[in-house]
Every structure is written in C-alpha cells, then in structure tokens.
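Visitor: I would like to learn how to read a model like this one. Please take me through the features one by one.

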Amino acid sequence: MKLIHFSRPARLSSALGAAALLFASTAFAHAHLVSSEPAANAEVAAPGEVTIHFTEPLEPAFSKIALTDANGKPAASAASQVDTHDARVMHLPLPQLGAGRYAVKWTAVATDGHRTQGDFAFTVK
Ligand SMILES: [Cu+2]
C-alpha cells in the first residue's frame, strides 16, 4: 500500500516536471526576423515580392506583411502568405512598384501564440 501511495505523487510530479520543461522550451519561441528580401534600407530594382525569414514557424492565420508607399497608402494588392514548405518564411507578392520608398510592416505569431512585430523600409530605384 505504501508503495502505491508513494508512486502516485512521484508520477504526478514527473508529469508536472515534463510539462514545465515543455513550457520552458516553448515559452521563448517568439518569431524574430532573421533576414528579409529586400533587406532593410536596401535600394533595389522593383522586387517581385517581399520575403521575410523568421526564427520560428508562424501561424498562417495570424501572421502578415503589409506594404505602404511613401504616402502611407497600401502598395500591395495580394495578401501575404506563410510559405507552404517552410513555415518560418512569409511572402508578400507585389505588383510592379514605381520608384520610391516603401515601408514594410510585419506581424508574426509563433506556434506558441506569441506575437512579434516590426517594420523596415526599402527604396525602389
Ligand atoms: Cu513565445
């Protein structure tokens, strides 16, 4: 009887320990920007899309990229998409952009539900 009484709490605490470990390993899994094309502050020929690489896989339903022109007007007509082969990559297809400065605003929601966001600009020559 004593063995049973001891083994139950032991099993419970190891389950809690495993849950705590799991939480610890995912709690800081926020998606941060690794790199982008165009790169921040780059001066480029009109790009076909904006591509951003993140440190973590993204939740497609809640992650997005928006592009505005120098007047603050939306400059992309299509919606951004998380890459179907690599969820750490997000694309924003672009129409033919004229010369000027553009601002990229991204929102990334990692699979742990944590949201990160940021912005950068690039210039089309
Ligand atoms: Cu997180």
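Visitor: Which residue stands opposite Met90 in S6?

Guide: Some ground rules come before the reply. This is a predicted model, in which local features need pLDDT of at least 70 and side-chain atom pairs count only at pLDDT 80 or more, while totals for chains, interfaces and linings use all residues. Residues are numbered from 1 along each chain as its sequence is written, and side-chain values use heavy atoms, with hydrogens and water left out. Strands are DSSP runs of E, at least two residues, numbered from the N terminus, and two strands pair if DSSP finds at least two bridges between them. Opposite Met90 in S6 stands Val82.

Visitor: In what sense do S5 and S6 pair, and over how many bridges?

Guide: Strand S5 (residues 81-82) pairs with S6 in the antiparallel sense, over two bridges. The two strands form a hairpin, with six residues between them.

Visitor: What does S3 do with S6?

Guide: Strand S3 (residues 49-54) also pairs with S6 in the antiparallel sense, over five bridges. In this pairing Val50 stands opposite Leu92.

Visitor: What is the strand order of the sheet that holds S6?

Guide: The order is S1-S3-S6-S5, an open sheet of four strands with antiparallel pairing. Strand S1 (33-37) and S5 are at the edges with a single partner strand each, so one side of each has no neighbour in the sheet.

Visitor: Where do side chains point along a strand?

Guide: In a regular strand, side chains alternate between the two faces of the sheet.

Visitor: Is S6 largely enclosed or open?

Guide: A residue is buried under 20% relative accessible area, exposed over 50% and partly exposed in between (1.4 Å probe, protein chains only). In strand S6 (residues 89-93), four of the five residues are buried, so the strand is largely enclosed by the rest of the structure.

Visitor: What is the order of the sheet that contains S7?

Guide: That open sheet of four strands runs S2-S8-S7-S4, with mixed pairing. Its edges are strand S2 (43-44) and strand S4 (64-68); each has a single partner strand, so one side of each is without a neighbour in the sheet. S4 pairs with strand S7 (residues 100-109) in the antiparallel sense over five bridges, and Ala66 stands opposite Lys105 there.

Visitor: How many aromatic pairs are there?

Guide: Rings of Phe, Tyr and Trp (its six-membered ring) pair if their centres lie within 6.5 Å; planes under 30 degrees apart are stacked, over 60 edge-to-face and the rest tilted. The count by this rule is two. Phe54 and Trp106 are edge-to-face, at 5.0 Å centre to centre with 70° between the planes. Phe54 is in strand S3 and Trp106 in strand S7, so this pair ties together parts that are 52 residues apart in sequence. Phe54 is buried at a relative accessible area of 3%, and Trp106 is buried at 7%. The ring centres of Tyr102 and Phe122 are 5.9 Å apart with planes at 25°, so that pair is stacked. Tyr102 lies in strand S7 and Phe122 in strand S8 (residues 115-124), so parts 20 residues apart in sequence are tied together. Tyr102 and Phe122 are both buried.

Visitor: Which residues coordinate the copper ion?

Guide: Donors are N, O and S atoms within 2.8 Å of the metal (3.2 Å for Na, K and Ca); water is not among the atoms, so sites may look incomplete. The copper ion is coordinated by His30 (ND1), Asp112 (OD) and His114 (ND1), at 2.0 to 2.8 Å. The spacing of these donor residues in sequence is H-x81-D-x1-H. Asp112 is partly exposed, with a relative accessible area of 24%, and His114 is partly exposed at 31%.
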